[in-house]
Amino acid sequence: MTSVPVVARVARGAFAGAVATAAMGLVMLGARRAGCVGELAPEEITEAGLDAAGADRSERSENALATAAHFAYGAGNGALYSLVAPRLPGPPLMRGLTFAAGLLLVSYEGWVPAARILPPLHAQTRGGRWTLVAGHLVYGATLARLAP
């Protein structure tokens with residue numbers, strides 16, 4: 001087996017992260033359509049950032065920026081995953097799920113509530129909590145399947 005150069009590994013990880021973000025987005029949009037959740041977490045995070053920056057914007061541009069930011073975050077984390085996955089224990093699926101669970105906890109029990117954007121995961125509505133959990137599990141499974 002030949003090793004994949006680091007730059008190629010990171011690029012493939014970023015691509016896998018973007019595709020995994022699309023899969024996660026489908027889960028989130030499905031949850032919104034089913035009435036499990038109102039505004040999605042990436043939208044609320046982007047809105048808070050724009051408010052903090054004092055940015056004047058339309059709802060359309062805010063939604064476009066939220067989508068772009070979520071894909072950038074997912075791609076960046078896919079690139080990171082491609083570097084750390086070989087050091088994680090277990091088979092590929094377990095590594096992807098472990099990584100995604102870590103992202104979920106660092107974000108939604110960590111920096112997002114610390115920034116006072118959303119309550120911690122454990123204090124969110126049942127629909128919001130399970131939408132985030134399911135979305136991150138789909139992200140991790142997809143990442144494990146596609147990343148190097």
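This is a predicted model: local features need pLDDT of at least 70, side-chain atom pairs count only at pLDDT 80 or more; totals for chains, interfaces and linings use all residues.
**Salt bridges, a buried threonine and a surface patch**

At 14% relative accessibility, E43 counts as buried, because the cut-off for buried is under 20% relative accessible area. E43 has a charged partner: R32 and E43 form a salt bridge, with their closest N and O atoms 3.0 Å apart. This pair links distant parts of the chain, since R32 lies in helix α1 and E43 in helix α2, which covers residues 41-53, and the two are 11 residues apart. R32 has a relative accessibility of 32% and therefore counts as partly exposed.

A search of the whole structure finds three salt bridges. Apart from the pair of R32 and E43, R57 takes part in a salt bridge with D51, at 2.7 Å from N to O. R57 also forms a salt bridge with E62, and there the closest N and O atoms are 2.7 Å apart. Salt bridges that share partners join D51, R57 and E62 into one network. E62 is buried, because its relative accessible area is 12%.

The next stop is a residue in helix α1. T21 has its place in this helix, which runs over residues 6-33. Is T21 buried or exposed? Its relative accessible area is 2%, so T21 is buried. What surrounds T21 can be read from its contacts: leaving aside neighbours within four places in sequence, T21 is in contact with H70, F71, G74, A75 and Y139.

The last stop is on the surface. Which residues form a nonpolar patch there? The patch is made of Y73, V106 and W111, and together they have about 300 Å² of accessible area. One of these residues, V106, belongs to helix α4, which spans residues 92-114. V106 counts as exposed because its relative accessible area is 55%, and the cut-off for exposed is over 50%.

Notes
Residues are numbered from 1 along each chain as its sequence is written. Side-chain values use heavy atoms; hydrogens and water are left out. Helices (H or I, at least four residues) and strands (E, at least two) are DSSP runs, numbered from the N terminus. Buried means under 20% relative accessible area, exposed over 50%, partly exposed in between (1.4 Å probe, protein chains only). Contact means heavy atoms within 4.5 Å. Patches are made of residues with over 30% relative accessible area and no salt bridge: like charges are joined within 9 Å, nonpolar side chains (Val, Leu, Ile, Met, Phe, Trp, Tyr) within 5 Å. Accessible areas come from the Shrake-Rupley method with a 1.4 Å probe; for residues, only the protein chains shown count as cover. A salt bridge is a side-chain nitrogen of Lys or Arg within 4 Å of a carboxyl oxygen of Asp or Glu.
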